[in-house]
Amino acid sequence: MVHDYCVPLKQLVEEFGLDVAYRATDFDAVRLTVEDVARPGLQLAGYFDHFEPMRLQVMGNAEISYIEKMTEPERLSAYDRLFSYKFPALLLARGFEPGKDCLRMAKKHNVTILRSKEATSTVVSAIINYLRTELAPRITRHGVLVEVYGEGLLLIGDSGIGKSEAAVELLKRGHRLIADDAVEIRKISGNTLIGSAPNHIRNYIELRGIGIINVAKLFGMGAVKAENEINLVVNIVPWNNQAVYDRLGLEEHHMEILGVDIPMNTIPITPGRNLAVILEVAAMNNRQRKMGYNAAIEFTEQINSYFATQAGNQE
């Protein structure tokens with residue numbers, strides 16, 4: 001199930017070390033719900049068509065120098081109109097102090113004023129990236145997420161099929177665990193999914209017959225990772241003699257997660273198959289395909305060429 005998320009204004013202040021020049025009475029209750037940040041240049045000039053009051057408003061050198069050229073009554077009127085929209089907060093970049101007119105209208109409309117010493121473009125881009133990650137659509141899926149040769153493999157399959165055991169074998173071979181049992185997946189762009197573990201189960205793996213183990217303490221901190229992009233879904237299924245499996249790899253299968261199509265391999269297993277080695281090969285093969293090389297296509301072309309040559313020689 002996909003949920004809508006929000007970021008408390010207080011959390012943003014702590015994350016970026018912002019100064020609170022004026023704290024509104026509802027400071028602790030304010031939530032940011034959109035990832036975009038706005039610079040209210042046109043609004044200071046009186047144009048409020050298409051103004052989005054849910055966005056954090058940021059003023060830098062251009063906005064400050066513009067409003068300082070106004071007369072005091074004009075400044076009061078401009079700030080009065082701006083703050084009347086009750087946006088989450090006003091952030092002054094480059095270390096600017098709020099003027100008395102700004103403070104007066106902020107208090108009147110009960111809107112928080114923040115300060116940052118960073119350049120305007122720097123703080124705006126950093127906040128947008130942070131909000132995009134924190135507010136990204138997300139879903140929790142049952143599975144195991146591991147990083148193998150830099151590729152994020154999401155292992156799915158029936159409970160007890162051996163996903164966690166395969167992850168442990170991969171850990172012994174130098175790869176890293178991101179999440180076991182529950183994988184929290186976030187869509188941070190149109191075609192990018194990031195997977196992580198819920199905080200309360202991070203770094204833990206459940207092995208039937210042994211119990212819960214702490215991967216970071218057992219294998220070292222190098223064996224775990226907080227998050228990773230999901231590059232390949234591996235569906236682990238029991239071997240079925242009645243089923244037909246793709247032996248060449250020409251067919252491309254995908255799984256849609258949050259509207260993003262992720263490449264998927266279905267791997268049938270039987271006792272004795274080294275699943276960890278197969279997953280390593282799957283990761284390397286997926287990376288090759290992203291770089292434009294497809295062994296299945298090359299192999300098919302070579303076979304077709306061989307038979308075409310043979311047929312020509314017989315004529």
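Which residue is the bridge partner of Ala38 in β5? Here are some notes on that and on a few other spots worth a look as you turn the model, which is a predicted one.

1. The pairing of β4 with β5. The bridge partner of Ala38 in β5 is Gln57, and Val37 has Leu56 as its bridge partner in β5. Strand β5 covers residues 56–59, and two bridges join β4 to β5, the two running parallel.

2. On the other pairing of β5. Strand β6 (residues 89–92) is joined to β5 by three bridges, and these two strands also run parallel. Gln57 turns up again here, standing opposite Leu90 in β6.

3. The side chains of β5. Leu56 and Val58 point one way from the strand, while Gln57 and Met59 point the other way. Are these four buried or exposed? All of them are buried.

4. The sheet as a whole. β4, β5 and β6 belong to an open sheet of five strands, in the order β2-β7-β6-β5-β4, with mixed pairing. Its edges are β2 (19–22) and β4 (37–38); each has a single partner strand, so one side of each is left without a neighbour in the sheet.

5. Helix α1. In this helix, residues 9–16, the buried residues are Leu9, Leu12 and Val13. Seen down the axis of α1, they fall within an arc of 100°, so they line one face of the helix. Gly17 follows α1 and has a positive phi, near 60°.

6. Helix α7. Why can this helix be called largely enclosed by the rest of the structure? Because seven of its ten residues (163–172) are buried, with under 20% relative accessible area as the cut-off.

7. A hairpin to check. Strands β12 (residues 204–207) and β13 (residues 211–214) pair in the antiparallel sense over four bridges. Glu206 stands opposite Ile212 in β13. Three residues lie between the two strands of this hairpin, and Gly209 in the turn has a positive phi of about 95°.

8. Asn286 in its surroundings. This asparagine sits in helix α9 (residues 275–290). Asn286 is buried, its relative accessible area being 7%. Leaving aside residues up to four places away in sequence, what does Asn286 touch? Its contacts are Glu151, Asn231, Leu232 and Pro263.

9. Leu248, Leu250, Ile297, Phe299, Ile303, Tyr306 and Phe307 together make a nonpolar surface patch of about 670 Å². One of them, Leu250, is placed in the loop between β15 (232–238) and β16 (253–257). Leu250 is partly exposed, with a relative accessible area of 40%. Membership of such a patch calls for over 30% relative accessible area, so Leu250 passes that cut-off with its 40%.

Key: Residues numbered from 1 in each chain as written. Predicted model: local features only at pLDDT ≥ 70, side-chain atom pairs only at ≥ 80, totals over all residues. Heavy atoms only, no water. Patch = residues over 30% accessible without salt bridge, like charges linked within 9 Å, V, L, I, M, F, W, Y side chains within 5 Å. Areas by Shrake-Rupley, 256 points an atom, 1.4 Å probe, with all protein chains shown as cover. Salt bridge = Lys/Arg side-chain N within 4 Å of Asp/Glu carboxyl O. Buried < 20%, exposed > 50% of the residue type's maximum accessible area, 1.4 Å probe, protein only. Contact = heavy atoms within 4.5 Å. Arc of directions from axis to C-beta. Pairing = 2+ DSSP bridges.
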